[in-house]
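Here are my notes on this model, for reading beside the coordinates. They cover a few loop residues and some of the helix packing.

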Amino acid sequence: MIDGKKVLFSGMQATGTLTIGNYLGALQNWVKLSDEYECFYSVVDLHSITVRQDPAELRKRARNLLTLYIAAGLDPKKNCIYYQSHVSGHAELSWILNCFTYMGELNRMTQFKDKAAKHADNINAGLFTYPVLMAADILLYQADVVPVGIDQMQHLEITRDIAQRFNGVYGDVFTIPEPYVGKSGAKIMSLQDPAKKMSKSDENPNASVYLMDDPDTIIRKFKRAVTDSMARIAYTDEQPGIKNLLDIYCACTGKTSEEAVKEFDGSGYGDLKLAVGESVVSALKPVQERFAELSKDKAYIDEIIKENADKANYYAMKTLRKVQKKVGFPERIR
């Protein structure tokens with residue numbers, strides 16, 4: 001705990017462009033957590049290089065992502081918003097934890113199998129030990145809670161296993177993190193395949209709506225959204241495309257699914273798609289305007305980057321020094 005508050009850690013990769021799924025499903029929720037927890041929100045650029053990146057593009061996307069965190073409503077004075085690569089403790093702790101992680105555990109990671117299949121020409125060791133770096137991210141700040149989706153639950157489980165194994169040898173060094181079980185954000189699905197989540201890496205440009213899409217592009221994508229031939233607007237798993245559109249509409253307007261279904265009673269799919277698109281345009285407008293404003297203020301963003309890196313390093317080093325002492329590394333002479 002820090003100043004009487006439990007610690008929360010989360011982060012996003014500096015690859016691709018954030019979608020409304022990232023915003024409505026995660027970022028909006030992060031903002032609400034700021035008062036309850038001491039929050040560390042990282043731009044996890046170390047994780048990004050398990051796949052080959054263009055260096056200039058990675059730097060640009062990392063800065064844009066950090067700026068978007070703030071534009072979305074995260075206060076950089078209340079939350080620690082920082083680049084993972086600016087805190088060497090992530091990599092240092094990751095190496096130590098590698099020595100407390102079993103090959104069999106890593107072999108069972110489904111995300112490694114998925115990514116290895118997608119990047120068969122670059123199945124590197126970093127891709128394999130990715131969950132250990134993620135464990136270091138979490139344990140470095142003694143996080144009490146971690147907001148995770150179902151697809152990330154396996155990584156939190158191995159984090160807990162590694163921490164308990166280390167504690168079993170050296171005593172209570174790490175806080176054992178729990179999954180965040182508060183009200184989850186909306187789960188936004190692909191507009192072209194409502195059976196899978198909306199993804200910033202989807203090859204189909206009409207499948208995802210990006211935070212920086214202009215209004216015309218947003219409306220056009222929703223007009224092309226996959227629906228069905230049932231010709232009725234109902235919130236049911238039998239109509240995944242319609243259900244997804246209603247979820248997006250409710251997330252943007254604050255209405256319940258029952259209220260939304262009642263509102264569109266008697267309407268056609270075209271009317272629904274247009275209304276959802278307009279609600280997204282309205283929801284994203286203040287974020288886009290704030291992002292544009294922040295992007296012009298280089299000195300302010302640079303100041304945030306430095307201050308938050310210093311704060312993250314301070315707490316990271318507290319944990320890292322304790323771990324280094326426990327495993328027997330020589331004390332540093334200052």
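Is Lys196 buried, partly exposed or exposed? Point 1 takes this up.

1. This is a predicted model. Lys196 counts as partly exposed, because its relative accessibility is 39% and that class lies between under 20% for buried and over 50% for exposed. Lys196 sits in the loop that runs between β5 (178–179) and α10 (215–223).

2. What does Lys196 touch, leaving aside its neighbours within four places in sequence? Its contacts are Met189, Ser190 and Asp202. With Asp202 there is a side-chain link: a polar contact of 3.4 Å. Lys255 is another matter. Lys196 and Lys255 are 59 residues apart along the chain, and 24 Å separates their C-alpha atoms.

3. Thr15 is also a loop residue, placed between β1 (7–12) and α1 (20–33). Thr15 counts as buried, because its relative accessibility is 16% and the cut-off for buried is under 20%. Leaving aside neighbours within four places in sequence, Thr15 is in contact with Ser48, Gln53, Arg61 and Lys200.

4. Gly266 lies in the loop between α12 (257–263) and α13 (269–296). At 81% relative accessibility, Gly266 counts as exposed. Ala231 is 35 residues away from Gly266 in sequence, and the two C-alpha atoms are 9.7 Å apart.

5. Now helix α4, residues 89–98. Which of its residues are buried? They are Gly89, His90, Leu93, Ser94, Ile96 and Leu97. Viewed down the axis of α4, these buried residues fall within an arc of 165 degrees, so they line one face of the helix.

6. Helix α3 (residues 55–71) packs against α14, with axes that come within 11 Å and cross at roughly 90 degrees. That angle makes α3 roughly perpendicular to α14. Arg63, Leu66, Thr67 and Ile70 are the α3 residues here. They meet Lys298, Ile301, Asp302, Ile304 and Ile305 of α14.

7. Helix α3 also meets α13. How do their axes cross? They come within 9 Å and cross at roughly 125 degrees. The pair is therefore oblique, and the crossing is right-handed. Asn64, Thr67, Leu68, Ile70 and Ala71 of α3 meet Val287, Arg290, Phe291, Leu294 and Ser295 of α13. Note Thr67 and Ile70: they meet α14 and they meet α13.

How values were computed
Residues are numbered from 1 along each chain as its sequence is written. This is a predicted model: local features need pLDDT of at least 70, side-chain atom pairs count only at pLDDT 80 or more; totals for chains, interfaces and linings use all residues. Side-chain values use heavy atoms; hydrogens and water are left out. Buried means under 20% relative accessible area, exposed over 50%, partly exposed in between (1.4 Å probe, protein chains only). Helices (H or I, at least four residues) and strands (E, at least two) are DSSP runs, numbered from the N terminus. The arc is that of the directions from the helix axis to the C-beta atoms. Contact means heavy atoms within 4.5 Å. A polar contact is a pair of N or O atoms within 3.5 Å; within protein, one must be able to donate a hydrogen and the other to accept it, and residues adjacent in sequence count only if both atoms are side-chain atoms. Axes are lines fitted to C-alpha atoms, for helices over the stretch in contact, and angles run from 0 to 180 degrees between N-to-C directions. Angles under 35 degrees count as roughly parallel, over 145 as roughly antiparallel, 65 to 115 as roughly perpendicular and the rest as oblique. A crossing is left-handed if the near helix is turned anticlockwise from the far one by less than a right angle, and right-handed if clockwise.
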